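Subject: A structure to look through

Hello,

Here is the structure I promised to pass on to you. Please open it alongside this email, and then read on for what turned up in it.

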Amino acid sequence: MKAMTTSSWYAEFAAREAAGSSPLYERLSAAVSGDDELLARLDGLPEPKRQPNLLFGVVRFLGGPVDDPGAFRAFARDNWDVIAAEMRTRATQTNEAGRCAVLLPILAALPQPLALLEAGASAGLNLYPDRYSYRYGDTVLGDGEPMLECALTGAAPPTTRPEVVWRAGLDLNPLDITDPADLAWLDALIWPEHEHRRARLRAAARIAAADPPLLVRGDLTTDLAALAARAPADATLVVFHTSVLYQVPAGVREKFVSEVRTLPGHWISVETPPVLDLPGRPDPPDATLHNLVALDGRPLAWARSHGQEMVWFG
Ligand SMILES: C[S@@+](CC[C@H](N)C(=O)[O-])C[C@H]1O[C@@H](n2cnc3c(N)ncnc32)[C@H](O)[C@@H]1O
């Protein structure tokens, strides 16, 4: 298969990811795809570091303009050394608490209490499904912020939140939600028009900062079992991961999946096929990007990437 050029990567990002969700990034990405000077600079970075979300997040983090392609390109040209240094050291670690709305129907139905272990936890915001509030149509659970809204079809909404007695996360580079610089990076990763997600990040960060989770630096393909062994034996262990395995090389994903199946308790995966495809799933509801939600390898539902919609079929 022919490798994708950086130009086509940005053109594709504009057309397939940003279109309909971020008009600003759609315009910016289309402009970058035709900017030979900027493309040459990007090609001087290692291939995984050339990605649109990383470039745009770093420019936002540095206070650069993203609302006008001309101003963006001038900023990128004038500040390239700083931008490149940030792109080399940072990674896209978007932490979306909204994904808890997709986990909740499964978590609430498991034997309580729960010991949660998130693989690829970023700052660990998805380790607080018991502390957030939820709205599934007319069903509302909790009344504080953040209120996570999910259009759920095909199943009755959950009526309770889980009881969580232990929460731990594993990440190659755990972010510290109490560190203003890490919080600023998470904020910069949220697309410019998504103000509701920015408010959600701040509300979730307040909850996590009041009682920070155990976050361990490590690789989910080698360090999972050791962390799982620290979970209390009298709680149901739930290992879960959301939007993580696309960052793990294809060859080693299988190793992780084999290992997770050997652990006690349950395993919830929220990943896109073909990153993690599982037998027994129907086709996704439409052509937009969907995550496949599965419990112990059994497909149960499709979910949109920020937890805003869930189509249950299991
Ligand atoms: C896109 S973020 C998603 C974070 C969180 N799961 C969520 O849904 O909000 C992916 C995270 O996985 C982590 N990650 C990627 N590969 C990993 C690996 N091999 N072991 C541990 N963490 C990894 C990254 O550092 C990053 O924080």
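Of the 20 residues around it, Gln93, Glu96, Arg99, Asp171 and Thr242 come nearest. Please keep in mind throughout that this is a predicted model. By type, the shell around the ligand is made up of five nonpolar, 10 polar and five charged residues.

A polar side-chain atom of threonine 242 is 2.5 Å from an oxygen atom of the ligand. Glutamate 96 takes part through its backbone, with a polar atom 2.8 Å from a ligand oxygen. At glycine 120, a backbone N or O atom lies 2.9 Å from a nitrogen atom of the ligand. On its own the ligand has 600 Å² of accessible area, and the protein covers 96% of that.

The largest nonpolar core has 70 residues, and the members that touch the most others are Leu42, Leu55 and Tyr132. Helix H7, residues 100-107, gives this core its largest share, seven residues.

Beyond its neighbours within four places in sequence, leucine 55 is in contact with Tyr10, Leu42, Phe72, Trp80, Ile83 and Met87.

Helix H7 deserves a look of its own. Eight of its eight residues are buried, so H7 is largely enclosed by the rest of the structure. They run from Cys100, Ala101, Val102 and Leu103 to Leu104, Pro105, Ile106 and Leu107.

Most residues other than glycine have a negative phi, and most peptide bonds are trans. Here are the exceptions I would show you:

- Glutamine 112 and proline 113 are joined by a cis peptide bond, with omega about -5 degrees. Proline 113 sits in the loop between H7 and strand S1 (114-119).
- Another cis bond runs from glutamate 145 to proline 146, with omega near 0 degrees. Proline 146 is in the loop between strand S3 (139-141) and strand S4 (147-149).
- Serine 122 has a positive phi, near 55 degrees. Its place is in the loop between S1 and strand S2 (133-136), and serine 122 counts as buried because its relative accessibility is 5%, under the 20% limit.
- Serine 243 also has a positive phi, near 50 degrees. This serine lies in the loop between strand S8 (236-242) and helix H11 (250-262).

Is proline 174 buried or exposed? Its relative accessible area is 17%, so proline 174 is buried, although it is found in the loop between strand S6 (164-171) and helix H8 (180-189). Leaving out residues up to four places away in sequence, proline 174 touches Ser122, Leu215, Val216 and Arg217. Proline 174 and glutamine 93 are 81 residues apart in sequence, with their C-alpha atoms 9.1 Å apart in space.

Threonine 221 is in the loop between strand S7 (214-217) and helix H10 (224-228). At 7% relative accessible area, threonine 221 is buried. Its side chain makes a polar contact of 2.8 Å with the side chain of aspartate 219.

Enjoy exploring!

Best wishes

Key. Residues are numbered from 1 along each chain as its sequence is written. This is a predicted model: local features need pLDDT of at least 70, side-chain atom pairs count only at pLDDT 80 or more; totals for chains, interfaces and linings use all residues. Side-chain values use heavy atoms; hydrogens and water are left out. A nonpolar core is a set of buried Ala, Val, Leu, Ile, Met, Phe, Trp, Tyr and Cys residues joined through side-chain atoms within 4.5 Å. Buried means under 20% relative accessible area, exposed over 50%, partly exposed in between (1.4 Å probe, protein chains only). Helices (H or I, at least four residues) and strands (E, at least two) are DSSP runs, numbered from the N terminus. Contact means heavy atoms within 4.5 Å. A residue is near a molecule or strand if one of its heavy atoms lies within 4 Å of it. A polar contact is a pair of N or O atoms within 3.5 Å; within protein, one must be able to donate a hydrogen and the other to accept it, and residues adjacent in sequence count only if both atoms are side-chain atoms. Accessible areas come from the Shrake-Rupley method with a 1.4 Å probe; for residues, only the protein chains shown count as cover. Ala, Val, Leu, Ile, Met, Phe, Trp, Tyr, Cys and Pro count as nonpolar, Asp, Glu, Lys and Arg as charged, and the others, Gly among them, as polar.
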